[in-house]
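Q: Please take a close look at one part of this structure and describe it in a connected way.

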Amino acid sequence: MLEARALMVFYENMLALNNVSIACGEDQIVGVFGANSAGKSTLMYTLSGIIEDIKKKEEMAGGERITVMGTLLYRGRDIMGLSPSRRAKAGIILCPERRRIFTESSVIENLRIGGYLASGSQARETLEYVFKIFPALARLKKRVGGFLSGGEQQMLAIGRSLMAQPRLLLLDEPLMGLSPLIQATLVRATREIRDERGISIIVTEQYARPVLPIVNHAFILENGSAVLEGTREDLMNNPDVRSAYFGV
Ligand code: ATP
């Protein structure tokens, strides 16, 4: 589905991604784990193409020079350099870090905005699906985004991404700052999204433990480099990984 080879991203002279190669197959959940500043968001911006927008903005403002190199294949096609909106139309949808919902708009408005790429019938069907996996949102349809709890905002952010009809969903630190109970709800929903909708998912997190049970494969990022990869079992059985990333 997606294969990234030897990705390099420089912010001016600062190397944020160093020769990172990762892949995500059809119907897979792939985890990318790493501490603060490991490069998780930069990776998600590079896969979704948002980095191209950031780069242009910086160039126009006379700011820092951003350099992106490497190979990015999506469903057999080279998408390096393609704009984020073209990638979104092709099914690569980013659910960004810190939720970024529209705080002044209601739940239903947020979801409808997410569905602007979808046809009317797709949007209706997906809206029903979002309310099925997140019943809390169905009860809060008219509530303004800014008045939702952190967990509800994350549900809304994921729901909005689903409305955009992803084939590959990129979830950037969806569990950040949320209670274990809410985390469990979101992890369960993430698995359902793969199993019921056949959507492939790449999910980043600082801590591997809550999402590890649902990943097929995972990568560990350290200072911009992918230092380790393996199946869920490989990582669970690696003693260094266990102590550093799973807290066990
Ligand atoms: P976090 O968990 O804190 O979000 P992260 O793993 O997502 O971290 P990134 O946000 O990708 O990490 O950052 C990787 C490195 O690149 C960091 O050292 C960060 O300071 C740097 N960086 C990120 N964005 C920029 C930018 N626009 N200009 C300069 N440096 C940046």
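How many residues of domain 1 and of domain 2 are in contact with each other, and what surrounds the ligand?

A: In this predicted model, the protein chain is divided into domain 1, made up of 2-91 + 166-245, and domain 2, which spans 99-160. Across the boundary between these two parts, 15 residues of domain 1 are in contact with 14 residues of domain 2, while the C-alpha centres of domain 1 and domain 2 lie 23 Å apart. The area buried between domain 1 and domain 2 amounts to about 1200 Å², and carbon and sulfur atoms give 65% of that area.

Turning to the ligand, 14 residues are found around it, of which S41, T42, E64, E97 and E173 come nearest. By class, this shell holds 5 nonpolar, 5 polar and 4 charged residues. Two elements, β2 (14-24) and α1 (40-48), each supply at least two residues of the shell, and α1 gives the largest share, with 3 residues.

Particular polar atoms can also be placed around the ligand. A polar backbone atom of G39 is 2.9 Å from an oxygen atom of the ligand, and a polar backbone atom of K40 is 2.8 Å from an oxygen atom of the ligand. With E173, by contrast, a polar side-chain atom is involved, and this atom lies 2.8 Å from an oxygen atom of the ligand. Taken alone, the ligand exposes 630 Å², and the protein buries 69% of that area.

Definitions and conventions: Residues are numbered from 1 along each chain as its sequence is written. This is a predicted model: local features need pLDDT of at least 70, side-chain atom pairs count only at pLDDT 80 or more; totals for chains, interfaces and linings use all residues. Side-chain values use heavy atoms; hydrogens and water are left out. A residue is near a molecule or strand if one of its heavy atoms lies within 4 Å of it. A polar contact is a pair of N or O atoms within 3.5 Å; within protein, one must be able to donate a hydrogen and the other to accept it, and residues adjacent in sequence count only if both atoms are side-chain atoms. Accessible areas come from the Shrake-Rupley method with a 1.4 Å probe; for residues, only the protein chains shown count as cover. Helices (H or I, at least four residues) and strands (E, at least two) are DSSP runs, numbered from the N terminus. Ala, Val, Leu, Ile, Met, Phe, Trp, Tyr, Cys and Pro count as nonpolar, Asp, Glu, Lys and Arg as charged, and the others, Gly among them, as polar. Domain bounds come from an automatic or database domain assignment. Contact means heavy atoms within 4.5 Å. Buried area is the accessible area (1.4 Å probe) that two parts lose on being put together, summed over both.
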